[in-house]
Every structure is written in structure tokens, then in C-alpha cells.
Amino acid sequence: MSPTSPCINLCRIDAGTGYCEGCFRSLDEIAGWSRRADAEKRRILEAVDRRRAQALAGASAARAEQAR
């Protein structure tokens with residue numbers, strides 16, 4: 001079965017990272033999703049997981065800093 005798109009319909013590109021704030025993909029990854037082989041989609045999804053984890057860690061660190 002082909003991997004499904006991680007799109008959550010929150011489509012806004014972060015100018016700093018170049019990734020969508022909703023699905024954590026680049027514009028190139030978004031635009032070419034339907035034409036990508038399943039193995040490439042899985043590679044993108046692995047990268048999305050890493051990007052999301054980094055974003056969450058950064059947000060947690062920022063909240064902790066604000067609480068000081």
C-alpha cells in the first residue's frame with residue numbers, strides 16, 4: 001500500500017525553515033508527492049518525523065525559557 005500524504009490542510013510555508021508548518025514538507029516534496037515512488041515517499045515521511053520532532057523540541061525549549 002502506498003504511503004499517504006502527511007498533509008493536514010494547514011498549508012503555510014515557514015520562511016525560516018522552508019517547510020510547511022502543517023506537514024513539515026518542502027514545496028518540492030509537496031508538489032511531487034503524487035509522482036514519487038513509494039520508497040521515496042517513505043524517505044520523505046521519515047524526514048517529516050525528524051523535522052516535526054525538532055520543531056516540538058524547539059517549541060518546548062522556548063516555553064521553558066519563557067517560564068524562567
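## Salt bridges

A salt bridge here is a side-chain nitrogen of Lys or Arg within 4 Å of a carboxyl oxygen of Asp or Glu. The model is a predicted one: local features need pLDDT of at least 70, side-chain atom pairs count only at pLDDT 80 or more, and totals for chains, interfaces and linings use all residues. Residues are numbered from 1 along each chain as its sequence is written, and side-chain values use heavy atoms, with hydrogens and water left out.

Side chains of opposite charge can pair when their charged atoms come close. Six salt bridges occur in this structure. One of them joins the side chains of Arg51 and Glu29, at 2.8 Å from N to O. This pair ties distant parts of the chain: Arg51 sits in helix H2, Glu29 in helix H1, and 22 residues separate them. Helices are DSSP runs (H or I, at least four residues), numbered from the N terminus.

Arg51 counts as buried because its relative accessibility is 13%. Glu29 is buried too, at 7%.

Arg12 and Glu21 form another salt bridge, with 2.7 Å between N and O. Arg12 is partly exposed, with a relative accessible area of 47%. Glu21 is partly exposed at 31%.

## A charged network

Which residues are linked in a network of salt bridges? They are Asp28, Arg36, Glu40 and Arg43. Within this group, the side chains of Arg36 and Asp28 meet at 3.2 Å, N to O. Arg36 is partly exposed, since its relative accessibility is 22%. Asp28 has a relative accessible area of 55%, so it counts as exposed.

## The largest pocket

The largest pocket holds about 160 Å³ of space. A pocket is an open set of points on a 1 Å grid over the protein atoms alone, where a 1.4 Å probe fits, with protein on both sides within 12 Å along at least five of seven lines; lining residues have an atom within 4 Å of a point. Its volume is the space filled by probe spheres set on the points, which are joined across faces, edges and corners.

Asp14, Thr17, Tyr19, Cys20, Glu21, Phe24, Arg51, Gln54 and Ala55 line this pocket. By class, the lining has four nonpolar, two polar and three charged residues. Ala, Val, Leu, Ile, Met, Phe, Trp, Tyr, Cys and Pro count as nonpolar; Asp, Glu, Lys and Arg as charged; the others, Gly among them, as polar. Arg51 and Glu21 are both in the lining. Arg51 also pairs with Glu29, and Glu21 with Arg12.

## A nonpolar surface patch

Ile13, Leu27 and Ile30 make up a nonpolar patch on the surface. Together they have about 240 Å² of accessible area. Patch residues have over 30% relative accessible area and no salt bridge; nonpolar side chains (Val, Leu, Ile, Met, Phe, Trp, Tyr) are joined within 5 Å. Areas come from the Shrake-Rupley method with a 1.4 Å probe, and for residues only the protein chains shown count as cover.

Leu27 belongs to helix H1, which covers residues 27-31. Leu27 counts as exposed because its relative accessibility is 55%.

## Backbone outside the helices

For Asn9, phi is near 60°, in a residue other than glycine. Phe24 has a phi of about 65°, and it is not a glycine either.

Are they buried or exposed? Asn9 is exposed, with a relative accessible area of 68%. Phe24 is buried, at 16%. Phe24 is also one of the residues that line the largest pocket.

## Positions along H2

Helix H2 spans residues 38-67 and contains Lys41. Lys41 is buried, since its relative accessible area is 8%. Pro3 lies 38 residues from Lys41 in sequence, with their C-alpha atoms 6.5 Å apart.

Glu46 is partly exposed, with 48% relative accessibility. Glu46 and Ser34 are 12 residues apart in sequence, and 17 Å apart from C-alpha to C-alpha.

Notes:
Patches are made of residues with over 30% relative accessible area and no salt bridge: like charges are joined within 9 Å, nonpolar side chains (Val, Leu, Ile, Met, Phe, Trp, Tyr) within 5 Å. Helices (H or I, at least four residues) and strands (E, at least two) are DSSP runs, numbered from the N terminus. Buried means under 20% relative accessible area, exposed over 50%, partly exposed in between (1.4 Å probe, protein chains only).
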